[in-house]
Amino acid sequence: MLANGFDSILSLVTFLVFTGFAVAAFVFAAMAREDAYRAADKQTKKFWLILLGINLLLNVLLPMLFLQIAGLIAAIVFMVDVRPALRQVSGGGGRRGGSSSDGPYGPYNGGR
């Protein structure tokens, strides 16, 4: 009895995490400019929107673990490879001014 409850809670958590990640990847793909995909030498915006959209639909309509894992892999590839490349060519590389010697806590002065 207890194992059945744990299984359903685990399934719910897996569904929510995978679906949330799919939504985030789809939103980021939709927000990027089409020319940024070409400039970053990645697949087209249409390709990523279709792939991530199918992933999202399958997560919501047909929540089977093997389909969710396949979709998660596509979303991870987008978030880890494509999104940083798009940010770099779009000028959103995460730098907020400062020099190239700035560290996470301010400028690095070499111990001077």
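Because the model is predicted, local features need pLDDT of at least 70 and side-chain atom pairs count only at pLDDT 80 or more, while totals for chains, interfaces and linings use all residues.

**Stop one: the rings**

Select Phe47, Trp48 and Phe78, which form one aromatic cluster. The whole structure holds two aromatic pairs (ring centres within 6.5 Å, using the six-membered ring of Trp; planes under 30 degrees apart are stacked, over 60 edge-to-face, the rest tilted). Phe47 and Trp48 make an edge-to-face pair, 5.4 Å centre to centre with 85° between the planes. Trp48 lies in helix H3 (residues 45-61) and Phe78 in helix H4 (residues 65-90), so the pair ties together parts 30 residues apart in sequence. Helices here are DSSP runs of H or I with at least four residues, numbered from the N terminus.

Buried or exposed: what is Phe78? At 0% relative accessibility, Phe78 is buried, and Trp48 is buried too, at 7%. Phe47 is partly exposed at 36%. (Buried is under 20% relative accessible area, exposed over 50%, partly exposed in between, with a 1.4 Å probe and protein chains only.)

**Stop two: the core**

Stay on Phe78 and show its contacts (heavy atoms within 4.5 Å). Leaving out residues up to four places away in sequence, the list includes Ala25, Tyr37, Trp48 and Leu52.

Next, colour the largest nonpolar core, which has 14 residues (buried Ala, Val, Leu, Ile, Met, Phe, Trp, Tyr and Cys joined through side-chain atoms within 4.5 Å). Those with the most contacts inside it include Trp48, Phe78 and Val82. Helix H1 (2-31), helix H2 (34-39), H3 and H4 each supply at least two residues, and H4 gives the most, with six.

**Stop three: Arg83**

Pick Arg83 and Phe28. The charged end of Arg83 sits over the Phe28 ring, 3.6 Å from its centre (CZ of Arg or NZ of Lys within 6 Å of the ring centre and within 35 degrees of the ring normal).

Methods. Residues numbered from 1 in each chain as written. Heavy atoms only, no water.
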